[in-house]
Amino acid sequence: MVTNFPALLSLAVFIGVIALIMSEKIHLTVAAFLGALVLVFSHVITLKEGIDYISQSYATLALFFGVMVLVRAFEPTKIFEYLATQMVLLAKGSGKLLVLGVIGITTPICAVLPNATTVMLLAPLIPPIAEEIGVDFVPLLILMVFVANSAGLLTLVGDPATFIVGSSINITFNEYLFKLSFGGLLAVLSILAIAPFLFRSIWNRQFTHLEDLPHPQINHPQVLMLGGLIIALVLLFFVIGETLPVPVTPAAVALLGAGLALLLAHQSKIDTVPNILRDVDWSTLIFFMSTFVIIGSLEKTGVTAYLAQLLAVLVGKNIAFGSIVLVFAVGLLSSVVPNIPLVVAMVPLLKQYVVNIGMAGSEVLSPDFAGQFPPAVLPLFYAMMFGATLGGNGTLVGASSNIVAAGISEQHGRPISFHRFLRYGLPTMAVQLVVAAVFVGWLLWQN
């Protein structure tokens, strides 16, 4: 059992930070940042060790910084406002088509952009448009969050939890597409299946006065065309980058896209570089970095190793049983613990577990390990990935995109209460975790 003071303190800080985030009394970034500083000032870890733990997760930070800059650079073109209005116009007064439109426009964007970033872009457009046609915008925001979190499983880069787990087992963008994207598609289809029941107040609604809607025009069409080429280049290199003679990772591709977008914005004068960089979501990036430090302290002090030993005792070498249990266990945990710190904590725990039971060598524990994991243990990581991502739909604090949507809703005068989100979230999470368990079971059967 872990009884030394540094281990107990690092565990207490981790639990305390999670509790503060769940209470919503302190901003999640402040809670995580202060937690990391407590560990540094108490000498549980040194500042250098903390920075080393952050550097081990450089790919996650680089990917999200790059995508944030890339997306923000094209905001002046008004492309996102245009798409939102077109979605409502195409619905032609039908609530059913409006719901399908939210699903249809959110899914492809979240397949290639981090879901919290997509919600940050699209969610502010929903309240004014919904009010124009007399529809309660809160269910539409909640629907968008569910779709964003689910569609994040379509590709390796669509969700922070997906990317963190995927990069930890060295899965490539293409490998993910061919092996796991179908599970993401099932997650989106499950939303589609329950939408008529869960969002029936809008599904059965007919609305009028579409002619009163604002009709935003696309600005700077030539710049947008060049921006489309940059995005196409980024997507192409996401797919082929790691197969080139000189491999290029998704994180490096995202940074290249950001650099080209900044160059285009500056040369075309649609915006200034300082403006774009000022609007980057630094809060989320600092939250990530602080979380990596806290999880690193759990690893350094032996808490992770102890929990891995406990898992080995409970599950043994039964990977199939462990994988199905993980889908539901991690899913339930992720409904009350934000999924990013959860997967950051679980990755080293699972690695230690597979080493403890003799199914992988100790070399997989190294942050620099670039080899392949034994195929037999991969379903454990897939189960964690799907459980953490879909469990985030359960409650208001389960995923960063949920919190982003709640903040936007409050800015428009309609706070989303924990209880109201729960009414939609619990049935959605229950259905999706069952679907995920079936998908993981199918992967196990294939092996």
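## Working through a predicted helical model

The largest pocket comes in at a volume of about 1200 Å³. Keep in mind that this is a predicted model.

**Exercise 1. Describe the lining of the largest pocket: how many residues, which of them lie nearest its centre, and how do they divide by class?**

Solution. 
- Start with the count: 40 residues line the largest pocket.
- Next, go to the middle. Gln56, Ser167, Ser168, Lys351 and Pro367 are the lining residues that lie nearest the centre.
- Now look at which elements give two or more residues to this lining: they are H3 (47–56), H4 (58–73), H10 (160–168), H15 (250–268), H17 (282–300), H18 (303–315) and H20 (339–356).
- Finally, sort by class. The lining splits into 20 nonpolar, 16 polar and four charged residues.

**Exercise 2. Work out how H6 and H12 are oriented to each other: roughly parallel or roughly antiparallel?**

Solution. 
- Find the two helices: H6 covers residues 95–112 and H12 covers residues 181–198.
- Take the geometry. Their axes are 11 Å apart, and the packing angle is about 170°.
- Apply the cut-off: angles over 145 degrees count as roughly antiparallel, so that's what H6 and H12 are.
- Check who touches whom. From H6, Val99, Leu100, Ile103 and Thr107 meet Val188, Ile191, Leu192 and Ala195 of H12.
- By class, this contact has seven nonpolar residues, one polar and no charged ones.

**Exercise 3. Compare the radius of gyration of the chain with what a compact globule would have.**

Solution. 
- Get the make-up first: the chain has 23 helices and zero strands.
- For 447 residues, a compact globule would have a radius of gyration near 22 Å.
- The chain has 22 Å, so the two agree.
- For the overall extent, the C-alpha trace spans about 65 × 50 × 45 Å along its principal axes.

Conventions. Residues are numbered from 1 along each chain as its sequence is written. This is a predicted model: local features need pLDDT of at least 70, side-chain atom pairs count only at pLDDT 80 or more; totals for chains, interfaces and linings use all residues. Side-chain values use heavy atoms; hydrogens and water are left out. Axes are lines fitted to C-alpha atoms, for helices over the stretch in contact, and angles run from 0 to 180 degrees between N-to-C directions. Helices (H or I, at least four residues) and strands (E, at least two) are DSSP runs, numbered from the N terminus. Angles under 35 degrees count as roughly parallel, over 145 as roughly antiparallel, 65 to 115 as roughly perpendicular and the rest as oblique. Contact means heavy atoms within 4.5 Å. Ala, Val, Leu, Ile, Met, Phe, Trp, Tyr, Cys and Pro count as nonpolar, Asp, Glu, Lys and Arg as charged, and the others, Gly among them, as polar. On a 1 Å grid over the protein atoms alone, a cavity is a set of points where a 1.4 Å probe fits but cannot get out, and a pocket is an open set with protein on both sides within 12 Å along at least five of seven lines; lining residues have an atom within 4 Å of a point. Grid points are joined across faces, edges and corners, and a volume is the space filled by probe spheres set on the points. The radius of gyration is taken over C-alpha atoms; the globule rule is 2.2 Å times the number of residues to the power 0.38.
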